[in-house]
Amino acid sequence: MCIFCSIADGSIPAHKIYEDDHIVAFLDIAQVTKGHTLVIPKRHYEHFLACDNELLSYLMLKAQIIGNHIMNKTGAKGMHILSNINEAAGQSVAHFHVHLIPRYDAQDACQIHFAQSEPQDLAILAKQLAV
Ligand code: AMP
Ligand code: ZN
């Protein structure tokens with residue numbers, strides 16, 4: 001069974017800070033910054049893009065509430081809310097989870113760098129990707 005399914009059903013311990021019938025929020029075992037939390041659905045979905053619509057909406061609303069709570073309790077000045085999808089994006093646990101990573105300042109242990117790759121023709125790209 002998947003490790004986060006085991007955390008969700010209580011068969012593996014975790015430091016949970018919130019739980020209800022549908023989701024669990026618990027401290028990431030490797031705290032990138034103090035208060036780093038994962039929010040997961042109890043039902044197994046591989047990642048954000050595969051998650052049931054209604055459950056995803058519910059989870060993201062709860063992630064907002066929990067994120068605000070963590071900001072207030074830790075005094076963090078900012079936060080990353082992110083979800084990795086597949087190994088290519090660094091996903092190491094194939095059970096949908098949202099990271100809440102408090103930021104204390106630009107020099108803390110979390111470093112996310114958006115480098116620019118080769119220039120793109122944005123008009124062509126926008127046409128190709130139009131939803
Ligand atoms: P990702 O790399 O986006 O898939 O994130 C997976 C996260 O799960 C990592 O930040 C791990 O530190 C965390 N993690 C893995 N196992 C556990 C566990 N048993 N309890 C808490 N966090 C975990
Ligand atoms: Zn799972």
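Of the 131 residues in the chain, 34% count as buried, in what is a predicted model. The accessible surface of the chain comes to about 8600 Å², and carbon and sulfur atoms account for 57% of that surface. Taken along the principal axes, the C-alpha atoms fill a box of roughly 50 × 35 × 25 Å.

Let us turn to the fold. The chain holds 3 helices and 5 strands, and their order along the sequence is α-β-β-β-α-β-β-α. Among contacts between residues at least 6 apart in sequence, 53% join residues at least 24 apart.

Helix H2 (residues 53–74) deserves a careful look. With 22 residues at 1.5 Å a residue, H2 should span 32 Å, and the 31 Å between its end C-alpha atoms agrees with that. The buried residues of H2 are Leu 55, Leu 56, Leu 59, Ala 63, Ile 66, Gly 67 and Ile 70. These residues lie on the same side of H2, because they cover an arc of only 115° around the axis.

What do the buried residues of H2 pack against? Their partners are strand E1 (16–19), strand E2 (23–27), strand E3 (37–41), strand E4 (78–82) and strand E5 (98–103).

At the N-terminal end, Asp 52 caps H2, with a side-chain oxygen 3.2 Å from the backbone nitrogen of Glu 54. Just after H2 comes Gly 75, which takes a positive phi of about 75°.

Now for the ligand. There are 16 residues around ligand 1, and those that come nearest are Asp 28, Asn 84, Ser 92, His 97 and His 99.

| Residue | Protein atom | Distance to an oxygen atom of ligand 1 |
|---|---|---|
| Asn 84 | side-chain N or O | 2.8 Å |
| Gly 90 | backbone N or O | 3.0 Å |
| His 99 | polar side-chain atom | 2.8 Å |

On its own, ligand 1 has 510 Å² of accessible area, and the protein covers 82% of it.

Definitions and conventions:
Residues are numbered from 1 along each chain as its sequence is written. Chains are lettered from A and ligands numbered from 1 in the order in which they are written. This is a predicted model: local features need pLDDT of at least 70, side-chain atom pairs count only at pLDDT 80 or more; totals for chains, interfaces and linings use all residues. Side-chain values use heavy atoms; hydrogens and water are left out. Helices (H or I, at least four residues) and strands (E, at least two) are DSSP runs, numbered from the N terminus. The expected span of a helix is 1.5 Å times one less than its number of residues. Buried means under 20% relative accessible area, exposed over 50%, partly exposed in between (1.4 Å probe, protein chains only). The arc is that of the directions from the helix axis to the C-beta atoms. Contact means heavy atoms within 4.5 Å. A polar contact is a pair of N or O atoms within 3.5 Å; within protein, one must be able to donate a hydrogen and the other to accept it, and residues adjacent in sequence count only if both atoms are side-chain atoms. A residue is near a molecule or strand if one of its heavy atoms lies within 4 Å of it. Accessible areas come from the Shrake-Rupley method with a 1.4 Å probe; for residues, only the protein chains shown count as cover.
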